[in-house]
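Subject: Structure for your review

Dear colleague,

Please find below the structure that I am handing over to you.

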Amino acid sequence: IPAGQTSQTFAAAASVVTATYTGSLIAAYAGSQRVASITVQPGPGIQGFTLTPSSVTGGASSTGRVTLTKPAPAGGTNVNLSDSSAAVTIKSSVKIPAGASEIAFLVSTIPVSTSLNANISASIPGEARGTVLNVKTAALSSVSVTPVQVVGGGSSTGTIVLNSLAAGAGAVVNLTDNRAAVAVPGTVTV
């Protein structure tokens, strides 16, 4: 205690506990002792961790949601986030405000040339949960020709549509025709 003072404050940092802990702080000075009790309560745990939807086409997004077992204490609860794939982007952490018990966050993806499963993790002190986001390649949505009727020797324009953005160098779509009267290229890159 500084000279001329009768008291001094100090920090008593609580460790992460999984059960209620009651302990004593003992102060000793000049041959006397005083005891103060302190109780440390466990913080909230993770009740649930979900992604909606849990499967997306690359370029689409999903919503992650972390739910706590009880409302976040004063100061809130920080949730650290991580993923296992360069095709997925999430914030490194989100904070559940004091009194709230859940938070949602955006999980963005980029187009992929091969479908993959990305591991997404959420953790708070003392606990971690994980789930999987399936990121799929773009799929063929439609093929059409305009006009649909042509005179021999004429031509028509074909259009190929994917259900999402093509990845990387593009999506190579194979084409064939079932009649000798129509010639199409063997492949088209979208």
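A residue is called buried here when its relative accessible area is under 20%. The model is a predicted one. Serine 85, at 13% relative accessibility, therefore counts as buried. This residue lies in the loop that connects strand E6 (77-83) with strand E7 (88-89). Its side chain reaches the backbone nitrogen of alanine 87 at 3.0 Å. Beyond residues up to four places away in sequence, serine 85 touches Leu116 and Ala118.

Serine 164 has a relative accessibility of 18% and is likewise classed as buried, because that value is under 20%. The loop between strand E13 (157-162) and strand E14 (172-174) holds serine 164. Here the side chain reaches the backbone oxygen of glycine 58, at 2.7 Å. Leaving aside neighbours within four places in sequence, the contacts of serine 164 are Thr57, Gly58 and Ala138.

Turning to charged pairs, the count comes to 2 salt bridges. In one of them, glutamate 102 pairs with arginine 65, with the closest N and O atoms 3.1 Å apart. This pair links distant parts of the chain, since glutamate 102 belongs to strand E9 (residues 102-109) and arginine 65 to strand E5 (residues 61-68), 37 residues apart. Glutamate 102 is partly exposed at 38%, and arginine 65 is partly exposed at 32%.

A salt bridge also joins arginine 129 to glutamate 127, where the closest N and O atoms are 3.6 Å apart. Arginine 129 is partly exposed, at 32% relative accessibility, as is glutamate 127, at 26%.

Yours sincerely

Technical notes. Residues are numbered from 1 along each chain as its sequence is written. This is a predicted model: local features need pLDDT of at least 70, side-chain atom pairs count only at pLDDT 80 or more; totals for chains, interfaces and linings use all residues. Side-chain values use heavy atoms; hydrogens and water are left out. Helices (H or I, at least four residues) and strands (E, at least two) are DSSP runs, numbered from the N terminus. Buried means under 20% relative accessible area, exposed over 50%, partly exposed in between (1.4 Å probe, protein chains only). A polar contact is a pair of N or O atoms within 3.5 Å; within protein, one must be able to donate a hydrogen and the other to accept it, and residues adjacent in sequence count only if both atoms are side-chain atoms. Contact means heavy atoms within 4.5 Å. A salt bridge is a side-chain nitrogen of Lys or Arg within 4 Å of a carboxyl oxygen of Asp or Glu.
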